Amino acid sequence: MRQIVIVGYGMVGHRCAELLAERAANSTTPVQITVLGEEPREAYDRVHLSALFDGKDPADLTYPAPPGVELKLGDPATAIDRERKVVMTASGAEFRYDDLVLATGSYPFVPPVPGHDATGAFVYRTIDDVEAIKDFAAGRKVGAVVGGGLLGLEAAGALKAMGLETHVIEFGPRLMGVQVDEGGGQALLSRINDLGVTVHCSTRTEAVEIGEGGAVYALVLAKGDDLSALPVDLVVFAAGVRARDQLGRECGLAVGERGGIRVDELCRTEDPSIYAIGECAQAVDGRVYGLVAPGYAMAETVADHLLGADPAPFRSADLSTKLKLLGVEVASFGDAFGNTPGALSALYSDSTAGLYKKLVIGEDGRLLGGILVGDASAYATLRPLAGTDAPLPATPEQLLLPAGSGAGPALGPDALPDSATVCSCHNVTKGSINAAIHEQGCADVAAIKGCTKAGTGCGSCVPLLGQLLSAAGVQTSKALCRHFEQSRAELYEIVLVTGIDSFARLLAEHGNGESDGCEICKPAVASILASLGGTLGAAKRNGAPKHILDGEQAALQDTNDHFLANIQRNGSYSVVPRIPGGEITPEKLIVIGEVARDFGLYTKITGGQRIDLFGARVEQLPQIWRRLVDAGFESGHAYGKALRTVKSCVGSEWCRYGVQESVKMAIELELRYRGLRSPHKVKAAVSGCARECAEAQSKDFGVIATEQGWNLYVGGNGGFRPRHADLFAKDLSTEELIRTIDRFLMFYIRTADRLERTASWIERMEGGLDHLKAVILEDSLGLCAELDRLMAQHVESYSDEWRAAIEDPETLRRFVSFVNAPQTPDPEIKFEVERGQIKPLLTIGPPPGRDLDQDSGSDRDSADELAEAAAGPDGADSLVPAEVGA
Amino acid sequence: MTVTAGKQRTWTAVCRYAELTPGRGVAALIDGVQIAVFRTTPGELYAIGNRDPYSGAYVISRGVTGSRDGIPTVASPMYKHVFDLRSGTCLDDPTVALPTYPIRRYRGLVWVQR
């Protein structure tokens, strides 16, 4: 079998393995692909390492292993024997190859200054580096980064995120000297200074002073002839990288003067069986590319050459980048420095606002490149134009001036030629995206991502994908269902503004003209009416909000809400009383046991720290509630799209590690938000310390205690597509925490789609988590007062739905199995016993009754006489159910 | 109260019309057969089999009613298959149909024939 071995499992090695695996799957000859990785972990997204300081953990960055590829991780390759075509690893293992791909990447360059290897000196390259920095930084105050390039500013952002006083030492005259020119550097500098990061440009790091205990104590800095000392607790070297080419060097392959294994247009080294790609390779243009996009392009060339056809030669690459460093957008594309002869530049600069925009334009008026600092929103449309024959879509002034300053229309994707690269990470052109839309029927961004991979790299082209979809006339319909053009969020606004309190009126005034709704819009509107129950005057009954089963609302509810219980596969229901925070007295626990025993219910502890009682028939539900309510229980809303539980660990009252009272907080939150109807279920948890026993980071909102207060996480969930929650705010007081959650929930209820969990809501939101933070923490939409008011009304108007149901004879009447035989239990609900408890006995087969004579409405006319005859003497209005059918 | 018709069919009164919540259904048990009885929002009556063929559970009467292009419908609460209340046909899969029964309102009562 043909053996392809890849050495290196970074982003480029992973991409190469993925591409080879895809091609191998379609190949007629069997191929074995083996990857040798130095790090013990799976490949991960190195570009977004800083996310680890923002609440993500390594699992969030990990890439899935390509199918069919053999991974040998934690055992670095140490030598290549080209004669025998074998790679040796540190453990002594040998791997034979027919083709060998070197993707060993680079290593951080650490200037050989005295003390560079002291305790507290780090590099910023791997997850292990990040974790070491995190561990060491705890409790320390001042950090410095040596290097003011892209990586250095990333690292500075990380130090800042950990709350350290942060310094950046840059040898060159400006920050990000590779990407931006002097003006751009100035704008960047003023922005970064505003963030409280101190930047020292044109400054050499002479030495690292070592203090007591061998740890970093200060940096000795030189600016011109002036020497100074900067006391620091920690230093990160991010002064560039060097190609890891020693495997190639040692086996005699040619290497460039400044490093990098020399390759040809097909990424082949001198040895036709050995390839080198990514940061360890020197391309034919003599450059070593340190960005991921060129690495991916090289991986593509090699994969096509080895297992495909027609490899695109790799000659040089676009160095365009768009980044967000310390919250500042920086983009650089095409001929950013105006090196083309005759190039002109058009400039817009506002140093107080930290804005700098430059376009480089050729003699013929075509766009060659540009630099954007502070606002890079034009990058997605301008970059694909650079270097193409397309004329500028507007005058340079119009392209440069900030929106709203009377400039021309915003740029559309129409301006782009088909050959323009839209996704530079995966080298996808506008033409291929349009083909995916028109020929393969991709109707949304997710489909385009799946089809073309565009937008799955850095993500900066995603807005453009959306524009291409709308330009192609693809309407991403937001209509709730066939009865309403509006989205759920729009209907919520309508109800809030107009005070319309009935489905019938909403349908008549805002619907599509059908006389009745459906199983989609009815429960959705029911949920909106319930969410706003405390606000809608007319929806109230005797001053209190209407019960969800009152009047018209009863008809709108899905079966679970309609029966205030959860339907199970055999048509029976389960009952979950609320146990706030999972705390329960022995007496109440005994009541639950007695109820379960007396009604013969299957009993199971749930994941949300409460108890689920299964197998109740509809006519048993009110009797079960009566027993539970009398013992002080209330509905747990397990049946509702509403707050379910606030799970908790035991907290500082008992736990020797706890730093706050997590149970108390969980109970407070659960009682505050109980019964709150929302677009989907809402789960929550509170952990009493960073050990996170309550798994708060897997919840819609999760709270983790800190020494100073509470950290709030939002947007997590388990389920079909698990997602870790994002850190939303740190070290909140109890009051701040509750106010922030209030607003978060109310904004979610207001703007999410039907059945959209908080995770996908945040992912879909334009501007994502940053936008959400702005709305809730900075009140950027001016909504907070109203959100607070709505939550206050919810809290004030809460009442127990079970109690209300058992106290209302009209509602109770519905809880029968048969309308004409209320005492008869449903004979089809049967159970067998397993492990000492009941389980549904399911009968499988054709539905009984299908052999019946299938009369339909046509018989209705002849019924008149019959009914008349029947009703005559008896005075049918005095019907007694027991007599029916006798 | 039961009246026998010529062809061995009987009309059975199952409840008062006024007892039915507009837009919802109830289950009736007639000679051991479970029948789902609906009063739609516009006020019409329909009777179809109560067994959901996709789950085998007797739950059709607990579904949410509605209309699709003018056709009165009910969605099974189990897996949300939508049925035409007039013909019993599943709109998502026309090869499946529930039995239907003649139903009418007379003297304030709801009568089902079987």
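A residue is termed buried when its relative accessible area is under 20%, exposed when it is over 50%, and partly exposed in between (1.4 Å probe, protein chains only). By this criterion, 68% of the 114 residues of chain B count as buried. The structure is a predicted model, in which local features need pLDDT of at least 70 and side-chain atom pairs count only at pLDDT 80 or more, whereas totals for chains, interfaces and linings use all residues. Residues are numbered from 1 along each chain as its sequence is written, chains are lettered from A and ligands numbered from 1 in the order in which they are written, and side-chain values use heavy atoms, with hydrogens and water left out.

Chain B contains eleven strands and zero helices, where strands (E, at least two residues) and helices (H or I, at least four) are DSSP runs numbered from the N terminus. With contact taken as heavy atoms within 4.5 Å, 41% of the contacts in chain B between residues at least 6 apart in sequence join residues at least 24 apart. The chain exposes about 3700 Å², of which carbon and sulfur atoms supply 48%; accessible areas come from the Shrake-Rupley method with a 1.4 Å probe, and for residues only the protein chains shown count as cover.

Over all chains, 15 aromatic pairs are present. Rings of Phe, Tyr and Trp (its six-membered ring) are paired if their centres lie within 6.5 Å, and the planes count as stacked under 30 degrees apart, edge-to-face over 60 and tilted for the rest. A tilted pair is formed by A:F563 and A:Y573, with 5.3 Å centre to centre and 40 degrees between the planes. This pair links helix α17 (residues 559-563) of chain A, which holds A:F563, to strand β31 (residues 573-575) of chain A, which holds A:Y573, ten residues apart. Both A:F563 and A:Y573 are buried. The ring centres of A:Y673 and A:F701 are 5.9 Å apart with planes at 85 degrees, so this pair is edge-to-face. Because A:Y673 lies in helix α20 (residues 662-673) of chain A and A:F701 in strand β36 (residues 701-705) of chain A, the pair ties together parts that are 28 residues apart in sequence. A:Y673 and A:F701 are likewise buried. Ring pairs also join A:F563 and A:Y573 with A:W625, A:W802 and A:F815 in a cluster.

In the bridge between A:D128 and A:R41, the closest N and O atoms are 2.6 Å apart. A:D128 lies in helix α3 (residues 127-137) of chain A and A:R41 in the loop between β2 (31-37) and α2 (58-61) of chain A, so the pair ties together parts that are 87 residues apart in sequence. A:D128 is partly exposed at 38% relative accessibility, and A:R41 is partly exposed at 25%. A:R750 and A:E493 meet in a salt bridge of 2.8 Å, N to O. A:R750 is buried, with a relative accessible area of 6%, whereas A:E493 is partly exposed at 29%. A network of salt bridges links A:R15, A:E18, A:E300 and A:K453.

Technical notes: Salt bridge = Lys/Arg side-chain N within 4 Å of Asp/Glu carboxyl O.
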